[in-house]
Amino acid sequence: MFSMVEYVSAFQKEGVTGAEKYRMDNAPKSIFKFMPFYDRGNPEVNKRNIETLSERKVWASKYYSLNDPYEFNGMYLDEMKIINSGNEVETFNGYKQYINDSFLITSFCVEGEIHPLNNMPMWAYYGNNHHGICVEYEVVDPICLHPVSYEEKRSPMTSVLGNFVTLALDAVSGKISPQNPDLLKYQFLMLNMMCVKHRSWKQENEFRILYPATRLKENGKRLSDIEMGIKMKAIYIGKDCNIRNKKKLVDIATRLKIEIYQMSVNELSSYFDMSFDSITYR
């Protein structure tokens with residue numbers, strides 16, 4: 001199982017190569033995404049989610065359309081340090097904005113102390129109080145899959161951002177190789193800075209895909225599971241999902257030849273866990 005402590009330790013001891021090897025070797029085998037469905041109202045959300053699943057796609061968003069005001073903002077710029085270095089704060093803010101706008105995010109829950117299917121807050125917040133679903137994906141290629149770190153305080157990013165931009169511009173102009181060790185180090189740090197959240201989000205146990213999208217003007221787009229390095233494996237229907245939505249989901253699973261299950265409360269267990277039973281295709 002992935003350990004953030006060991007991930008950081010690998011970077012400190014072996015640099016980017018060691019950390020990336022640890023991330024890739026210990027990436028979760030399965031990741032889970034919750035999606036809402038509604039019994040009444042919000043027909044556009046139901047329609048959008050059905051179409052997305054039918055096409056084996058996942059919605060990926062720009063950072064500003066997500067529900068955390070500190071998204072991509074878990075680190076801060078030290079204005080006095082910027083000014084004292086002879087630079088302008090607006091310039092650094094522009095660099096940060098450009099980099100933030102260059103990626104799409106799609107978030108997943110992974111198994112930790114609690115299995116995603118037993119994560120009641122996730123069912124409540126993102127699965128519309130068990131009226132929605134949870135989709136399981138097999139991780140085929142974890143190259144874009146990154147762990148989220150949950151912290152109490154924000155850390156300064158001024159030096160990391162400045163060094164990264166300087167080296168990136170040198171690489172573009174041909175002064176250094178794109179494989180320059182220092183450039184790779186600061187690139188690694190920048191990507192990880194996009195995966196820092198306050199510890200109040202810790203119950204989500206999130207891994208996220210950061211997908212390059214430099215020229216995209218919209219606030220998000222549908223991406224196929226394969227191009228993100230994942231493969232749809234199963235659909236888990238919330239215990240209160242209505243019959244109409246359930247039928248559409250079963251139809252999708254039948255056509256795509258993936259597993260589909262019905263969630264229910266496990267009345268016989270002493271734990272707060274859920275049961276799921278396979279739904280037989282017609």
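Residues are numbered from 1 along each chain as its sequence is written. In this predicted model, local features need pLDDT of at least 70, side-chain atom pairs count only at pLDDT 80 or more, totals for chains, interfaces and linings use all residues, and side-chain values use heavy atoms, with hydrogens and water left out.

**Helices H2 and H8**

Helix H2 spans residues 43–54, and helix H8 spans residues 243–256. Helices here are DSSP runs (H or I, at least four residues), numbered from the N terminus. The two pack at an angle of about 15 degrees, with their axes 10 Å apart. That makes H2 roughly parallel to H8 (angles under 35 degrees count as such). Axes are lines fitted to C-alpha atoms over the stretch in contact, and angles run from 0 to 180 degrees between N-to-C directions.

Which residues in H2 meet H8? They are Asn 46, Ile 50, Leu 53 and Ser 54. On the H8 side are Asn 245, Lys 248, Leu 249, Ile 252, Arg 255 and Leu 256. Contact means heavy atoms within 4.5 Å.

**Aromatic rings**

The count comes to 16 aromatic pairs. Rings of Phe, Tyr and Trp (its six-membered ring) pair if their centres lie within 6.5 Å. Tyr 125 and Tyr 126 have ring centres 6.4 Å apart and planes at 85 degrees, so the pair is edge-to-face (planes over 60 degrees apart).

| Residue | Relative accessible area | Class |
|---|---|---|
| Tyr 125 | 56% | exposed |
| Tyr 126 | 23% | partly exposed |

Buried means under 20% relative accessible area, exposed over 50%, and partly exposed in between (1.4 Å probe, protein chains only).

Ring pairs also link Phe 2, Tyr 7, Phe 11, Tyr 22, Phe 188 and Phe 207 into a cluster.

Definitions and conventions. Parallel < 35°, antiparallel > 145°, perpendicular 65-115°, else oblique. Phe/Tyr/Trp six-rings, centres within 6.5 Å; stacked < 30°, edge-to-face > 60°.
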